[in-house]
Amino acid sequence: IIDFVIPAPRQNLLEAYHTWRGWAEKSACDYSFHVAVTWWDETVSEDMGTLTREHGVNSFKHFMAYKNAIMCDDETLVNSFARCNELGAIPTVHAENGELVFRLQKEMYERGYVGPEGHPLSRPPEVEGEAANSAIRIAEVLGVPLYLVHTSCEDALEAVRRARSEGQRVFAEVLAQHLVIDDSVYRNPDWSFAAHHVMSPPFRSKRHQGLLWKGLQSGLIHTTATDHCCFCTPQKAMGKDDFRKIPNGTGGVEDRMSVLWSEGVETGMLTPSEFVAVTSTNAAKIFNIFPRKGSVSVGADADLVLWDPRGKRTISAKTHHQKIDFNVYEGMEVTGIPAYTLSQGDVVWENGELKTTRGKGRYIDRPCYPTYWKNQQRRNEVATPEKVVRAAYTGPVA
């Protein structure tokens, strides 16, 4: 698991990091952290250096959405991306234009769209596409690779396609949820059901789903994730009269693998090897923990899943292990389930029985300068223009 450290506004990054480390001591599996940059001054720059040198952090998260909370403005993005360049770290981005979202949220609410249906109306695909393109171009100018989290629509995917066709180092991620759930959920007459699907970016139309699958098949999208962020019904109900107050997030980390096998491999869209790549190996390479993670090889951590490709189960909140009262995949029958899971060589899941040990998980350092960063450095060197050598001007000056 690579979780997020999200500092409060103006909070010291190191302080936030140590808080999250303390909370994670109970983890049953190995883990690491992206650290969010939500504001900027020289102390942030210094903390980024300390985190990379002393704490094994090689990725920094940037939220382009959530105005008046944790949104990065262009000044913060530019400064943080430039610092990532100096450190050999990779910036990651939640791509939604926060100014547009803020304006559209106000507009939708004032027009009477106060329920969950207002959520996707305030965050259309164009909002994500604009932010994705902006982040990509900033990264291009500053000569830094970029990782786009939860790519959900054609607009963002096209920005990635163009950048990669031009040789830029841009990596895209898609959530399992966005591949199988569409935006009709927001118009469900059951408020609680619709509210439990409020996440950002929101679920899109089936047309966007099809394009995301094609992106995954073609290699344009590199990884799959869940952006696991759970809220129980009473917490979601904080926005019962105003969709803007519904906490954003869904669960899904427990079901990601089975959903992707069932809807990807079983339908012929992914090969078993591609399934392994997009669920494990590619992420390990991008975040520089391969081959310790993401491979079955001598010297690697013994984190293994023995997969039963014919096994079946029905997903339900009544039987899942997540501490929430709802599951966005409720009632979905999946083919392909884990029979055994090993963590550090110990069996932690065996034919439906959980055997984890609280606190057994280890923090995993992720060094800077993965192989693609070295390539990026060389590209930056080649692209450096030659200086013009000329005699000094000695004439009059007005």
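Arg10 sits in the loop that runs between β1 (2-5) and α1 (13-23). In this predicted model, Arg10 takes a positive phi of about 70° even though it is not a glycine. The residue counts as exposed, because its relative accessible area is 55% and the cut-off for exposed is over 50%. Tyr369 also turns up with a positive phi, near 60°, again in a residue other than glycine. Its place is the loop between β11 (353-354) and α14 (371-383). With a relative accessibility of 28%, Tyr369 counts as partly exposed.

Next come the cis peptide bonds. Going from Ser200 to Pro201, the peptide bond is cis, and omega is near -5°. Pro201 belongs to the loop between α9 (191-195) and α10 (206-218). Phe290 and Pro291 are likewise joined by a cis peptide bond, with omega at about 5°. Here the proline, Pro291, falls in the loop between α13 (272-286) and β8 (304-314).

Gly56 is a loop residue too, placed between α2 (42-54) and β3 (59-63). It counts as buried, since its relative accessibility is 8% and anything under 20% goes into that class. In sequence, 308 residues separate Gly56 from Ile364, yet in space the two are 7.3 Å apart, C-alpha to C-alpha.

As for the cysteines, a search of the whole structure for disulfides comes back with 0. Cys29 is in no disulfide, and the nearest cysteine sulfur, in Cys230, is 14 Å away. Cys29 counts as partly exposed because its relative accessibility is 31%. For Cys153, the closest cysteine sulfur is that of Cys72, and the gap is 20 Å, so the pair is too far apart for a bond; a disulfide needs the sulfur atoms within 2.5 Å. Cys153 counts as buried, because its relative accessibility is 1%.

On the surface, a patch of negative charge brings together Asp73, Asp74, Glu75 and Glu130. Asp73, Asp74 and Glu75 follow one another in the numbering, while Glu130 comes from helix α6 (residues 125-142).

Terms used. Residues numbered from 1 in each chain as written. Predicted model: local features only at pLDDT ≥ 70, side-chain atom pairs only at ≥ 80, totals over all residues. Heavy atoms only, no water. Patch = residues over 30% accessible without salt bridge, like charges linked within 9 Å, V, L, I, M, F, W, Y side chains within 5 Å. Areas by Shrake-Rupley, 256 points an atom, 1.4 Å probe, with all protein chains shown as cover. Salt bridge = Lys/Arg side-chain N within 4 Å of Asp/Glu carboxyl O. Lys, Arg positive; Asp, Glu negative; His and termini not counted. Charge placed at Lys NZ, Arg CZ, Asp CG, Glu CD. Helix = DSSP H or I, 4+ residues; strand = E, 2+ residues; numbered from the N terminus. Buried < 20%, exposed > 50% of the residue type's maximum accessible area, 1.4 Å probe, protein only.
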